[in-house]
Amino acid sequence: MTMSRLSKVGMIIALLFNWRAYPESGNYWHEIRDAVFSMDIIQSSGRHMKLSIGDVLVGLERGQDAEALFMAAFGNSKWGYVHEERLLDGFPTVFGMVFENMPTALAETLSKALFAHAGFIGAISVHLEFPPHLALYRSSLPPHYRLEGRRLRSFYSMGNQDGCEPPRDCRRP
């Protein structure tokens with residue numbers, strides 16, 4: 001596969017953020033969302049993607065090997081752009097935005113643009129055939145949204161009218 005073809009193939013990419021970088025905010029999702037979408041990189045790509053959000057890890061259980069858990073969550077990716085010091089500072093709880101169908105070139109552009117954002121840890125490729133990635137990035141973070149260019153659609157369960165919202169524009173006012 002050529003490099004230009006590889007850059008257009010969609011991968012599962014997790015954008016990782018250190019929740020500790022948002023001490024004033026009771027809900028760091030709002031600040032992270034604004035940082036990611038205010039640049040208009042994702043929306044202007046026109047790419048259709050699923051988006052999952054949430055905490056990738058929430059603390060360590062007694063007796064767990066922190067190094068093994070760290071490597072399983074963040075060290076087994078085929079592609080990555082990670083600031084290790086920031087990752088260590090945020091570990092073991094890291095907030096993730098997981099995009100399905102994101103091309104590598106888009107992930108690289110987005111990662112470089114987010115570098116200056118204090119809470120940004122980095123981005124990694126997620127591989128669901130690897131059981132820890134399946135558990136951390138899919139089973140605990142099911143898709144919440146579908147991005148279609150500048151449109152953001154929210155998934156909801158049948159009978160859950162509270163989760164049902166009309167489609168909205170991803171651009172911030």
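This is a predicted model: local features need pLDDT of at least 70, side-chain atom pairs count only at pLDDT 80 or more; totals for chains, interfaces and linings use all residues.
Student: How many helices and strands does the protein chain have?
Tutor: The chain comprises 173 residues, of which 42% are buried. Its secondary structure consists of seven helices and eight strands.

Student: Which residues are in contact with glycine 80, leaving aside its neighbours within four places in sequence?
Tutor: Once the neighbours within four places are set aside, the residues in contact with glycine 80 are Ala123 and Ile124.

Student: Is histidine 83 buried or exposed, and why?
Tutor: Histidine 83 is placed in the loop between β3 (80-82) and α5 (84-90). Not counting residues up to four places away in sequence, histidine 83 touches Phe115, Phe120, Ile121 and Gly122. The cut-off for burial is under 20% relative accessible area. Because its relative accessibility is 17%, histidine 83 counts as buried.

Student: What is the phi of aspartate 40, and where is this residue found?
Tutor: Most residues other than glycine have a negative phi. Aspartate 40 has a positive value, near 65°. With 25% relative accessibility, aspartate 40 counts as partly exposed. Its location is the loop between α2 (28-37) and α3 (41-45).

Student: In which strand is asparagine 101 found, and what is its phi?
Tutor: Asparagine 101 is found in strand β4. Its relative accessibility is 33%, so asparagine 101 counts as partly exposed. Its phi is positive in a residue other than glycine, with a value near 85°.

Student: How many cavities of 30 Å³ or more does a search of the whole structure find, and how much space lies in the second largest cavity?
Tutor: The search of the whole structure finds two cavities of 30 Å³ or more. The space in the second largest cavity is about 30 Å³.

Student: Which elements each supply at least two residues of the lining of the second largest cavity?
Tutor: The lining consists of Ile12, Ser52, Val98, Glu100, Val126, Leu128, Tyr137, Arg138 and Leu141. By class, these residues divide into six nonpolar, one polar and two charged. The elements that each supply at least two of the lining residues are β4 (95-103) and α7 (131-139).

Student: What distance separates the C-alpha atoms of alanine 135 and valine 56?
Tutor: Alanine 135 lies in helix α7. Because its relative accessibility is 41%, alanine 135 counts as partly exposed. Valine 56 is 79 residues away from alanine 135 along the chain. The distance between their C-alpha atoms is 9.6 Å.

Student: What percentage of the accessible surface of the protein chain belongs to carbon and sulfur atoms?
Tutor: The accessible surface of the protein chain comes to about 9400 Å². The part that belongs to carbon and sulfur atoms is 53%.

Notes:
Residues are numbered from 1 along each chain as its sequence is written. Side-chain values use heavy atoms; hydrogens and water are left out. Helices (H or I, at least four residues) and strands (E, at least two) are DSSP runs, numbered from the N terminus. Buried means under 20% relative accessible area, exposed over 50%, partly exposed in between (1.4 Å probe, protein chains only). Accessible areas come from the Shrake-Rupley method with a 1.4 Å probe; for residues, only the protein chains shown count as cover. On a 1 Å grid over the protein atoms alone, a cavity is a set of points where a 1.4 Å probe fits but cannot get out, and a pocket is an open set with protein on both sides within 12 Å along at least five of seven lines; lining residues have an atom within 4 Å of a point. Grid points are joined across faces, edges and corners, and a volume is the space filled by probe spheres set on the points. Ala, Val, Leu, Ile, Met, Phe, Trp, Tyr, Cys and Pro count as nonpolar, Asp, Glu, Lys and Arg as charged, and the others, Gly among them, as polar. Contact means heavy atoms within 4.5 Å.
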